[in-house]
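Please keep the structure open while reading.

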Amino acid sequence: MNDRLRIIGITGGVGTGKTTVANLYALMHNAYVIFTDLVAKDLQVKGNSCYNLIVEHFGNVILSEDYEINREKLAQIVFNDEEELNILNSIVHKEVIIKVKEIIEEISHNGEYNIILLESAILFQVDELRKLCTEIWYVDSLDTDRRKRLKRERDYSDERITSMINSQEGIHLIKDKCDKVITNNKDLEQLKDILANM
């Protein structure tokens, strides 16, 4: 691996603006961004590594007419069943770790980037992902701003937003374990000013 390669983990609660922070920083500092959510989604497409493992466990009931995994059906199964959620997470997290390591190795070999941003809400749930990082940044935001952001960008209902925020109730506890905290309560220009010096 490239000894100069800086791998910055970016984490925080839903709606705090992790993606905005990652994309802005990448543009300003010529960094490569890995979004673990997108990696996980791609791995669950028919023909990719997670697909067969998930279908094997949960059955064809989770499939759409085109035989792709229907994320809503799968979510309904795991939403109130902690055991099934843990099984799903163990399948997906294992494959995500493998894929992320492959991407990092490829980028390191190519030498085009000296900074990789690993944007993930699960860095502190998955030790192997966290240990890949040379430092971790926590993106923080007021609940009112998070709610506005989720309504504006994802068109979520108030009920869904409340449920998502409540499901991550303890995520603020990881803030003290991170190397830096980025407060994202201001406008885009002010956020750029913050990131310019990081």
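The model is predicted: local features need pLDDT of at least 70, side-chain atom pairs count only at pLDDT 80 or more, and totals for chains, interfaces and linings use all residues. Residues are numbered from 1 along each chain as its sequence is written, and side-chain values use heavy atoms, with hydrogens and water left out. Helices (H or I, at least four residues) and strands (E, at least two) are DSSP runs, numbered from the N terminus.

- Four bridges join β2 to β3 (residues 115–119) in the parallel sense, and Ile 34 stands opposite Leu 118 of β3.
- β1 pairs with β3 over five bridges, in the parallel sense; here Ile 7 is opposite Ile 116 in β3.
- β1 also pairs with β4 in the parallel sense, over five bridges, with Trp 137 of β4 as the bridge partner of Ile 10.
- Because six of its seven residues are buried, β1 is largely enclosed by the rest of the structure; buried means under 20% relative accessible area, exposed over 50%, and partly exposed in between (1.4 Å probe, protein chains only).

**Helix α1 against α9**

- Helix α1 (residues 18–29) and helix α9 (residues 188–196) pack at an angle of about 60°, their axes 10 Å apart.
- The two helices are therefore oblique to each other; angles under 35 degrees count as roughly parallel, over 145 as roughly antiparallel, 65 to 115 as roughly perpendicular, and the rest as oblique.
- α1 crosses α9 in the right-handed sense; a crossing is left-handed if the near helix is turned anticlockwise from the far one by less than a right angle, and right-handed if clockwise.
- α1 contributes Thr 20, Val 21, Leu 24, Tyr 25, Met 28 and His 29 to the contact, and α9 contributes Leu 188, Leu 191, Lys 192, Leu 195 and Ala 196.
- Sorted by class, this contact of α1 with α9 has eight nonpolar, two polar and one charged residues; Ala, Val, Leu, Ile, Met, Phe, Trp, Tyr, Cys and Pro count as nonpolar, Asp, Glu, Lys and Arg as charged, and the others, Gly among them, as polar.

**Helix α2 against α5**

- The axes of helix α2 (residues 36–43) and helix α5 (residues 82–110) come within 9 Å and cross at roughly 110°.
- α2 is therefore roughly perpendicular to α5, and their crossing is right-handed.
- Thr 36, Val 39, Ala 40 and Leu 43 of α2 meet Val 92, Glu 95, Val 96, Lys 99, Val 100 and Ile 103 of α5.
- The contact of α2 with α5 divides into seven nonpolar, one polar and two charged residues.

- Helix α7 (residues 143–154) and helix α8 (residues 158–167) have axes that come within 10 Å and cross at roughly 125°.
- α7 and α8 are therefore oblique to each other, and the crossing is right-handed.
- On the α7 side the contact is made by Asp 143, Arg 146, Arg 147, Leu 150, Lys 151 and Arg 154, and on the α8 side by Asp 158, Ile 161, Thr 162, Met 164 and Ile 165.
- The contact of α7 with α8 has four nonpolar, one polar and six charged residues.
- Arg 146, in α7, is buried, with a relative accessible area of 9%.
- Leaving aside neighbours within four places in sequence, Arg 146 is in contact with Gly 13, Val 14, Gly 15, Thr 16, Ser 141, Ile 165 and Gln 168.

**Positive phi in loops**

- Tyr 67, not a glycine, has a positive phi near 70°; Tyr 67 lies in the loop between α3 (49–58) and α4 (71–78) and is exposed, at 55% relative accessible area.
- Asp 155 also is not a glycine and has a positive phi of about 55°; Asp 155 lies in the loop between α7 and α8 and is exposed, at 68% relative accessibility.

Key. Axes fitted to C-alpha atoms, helices over the stretch in contact; angles between N-to-C directions. Contact = heavy atoms within 4.5 Å. Pairing = 2+ DSSP bridges.
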